[in-house]
Amino acid sequence: MSPLPSVGEIHTGTVVRVCQTYAILLFDEGWTGLLHISEISYKFIRHFTSFVKVGSIYSVKVIDVDEAKGTVRVSLKRMESSDRRHVFAHEAVSSPEVSFEALEKALPAWIEEASQTKGNDFHDQSL
């Protein structure tokens, strides 16, 4: 294994394992880093596993290195906005392929149907 990084360095790694509150990233240099849920965003993240996926690639900042244990902790939220870069594991859909035309055409009929259906209004149902 190559030497561990230094605190403050920016590295790009691939998510190889995702758990409830953390992910493990593998870096080209041969070391792994732990990305904890608290280091994703300054905002509250309810479902870490829906945000971070195996195979996603992230540029992260090294925030802690324990040479004795050989562990590295990394952060997304402490990155400068100009340095933030990530590639999701799934294929991105380009905007020309996305169309809401079918929904726009069907929506008025759905609204009409819903307004004519009695007793199915959520607010009328007792729980």
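Which strand does Ser-75 lie in? Ser-75 belongs to strand 5, residues 71–75; strands here are DSSP runs of E with at least two residues, numbered from the N terminus.

A quick word on the model: this is a predicted one, where local features need pLDDT of at least 70 and side-chain atom pairs count only at pLDDT 80 or more, while totals for chains, interfaces and linings use all residues. Residues are numbered from 1 along each chain as its sequence is written, and side-chain values use heavy atoms, with hydrogens and water left out.

Ser-75 has a relative accessible area of 0%, so it counts as buried (buried is under 20%, exposed over 50%, partly exposed in between, with a 1.4 Å probe and protein chains only). Setting aside residues within four places in sequence, Ser-75 has Leu-35, Glu-39, Val-60, Lys-61 and Ile-63 in contact, meaning heavy atoms within 4.5 Å.

Now for Glu-9, which sits in the segment before strand 1 (10–18). Glu-9 is partly exposed because its relative accessibility is 32%. Not counting residues up to four places away in sequence, Glu-9 touches Val-60, Lys-61 and Val-62. Glu-9 and Val-60 are 51 residues apart in sequence, yet their C-alpha atoms are 8.4 Å apart.

Here are the polar contacts (pairs of N or O atoms within 3.5 Å; within protein, one must be able to donate a hydrogen and the other to accept it, and residues adjacent in sequence count only if both atoms are side-chain atoms):

| From | To | Distance |
|---|---|---|
| Glu-9 side chain | His-11 side chain | 2.8 Å |
| Ser-75 side chain | Glu-39 side chain | 2.6 Å |
| Ser-75 side chain | Lys-77 backbone nitrogen | 3.3 Å |

How values were computed
Helices (H or I, at least four residues) and strands (E, at least two) are DSSP runs, numbered from the N terminus.
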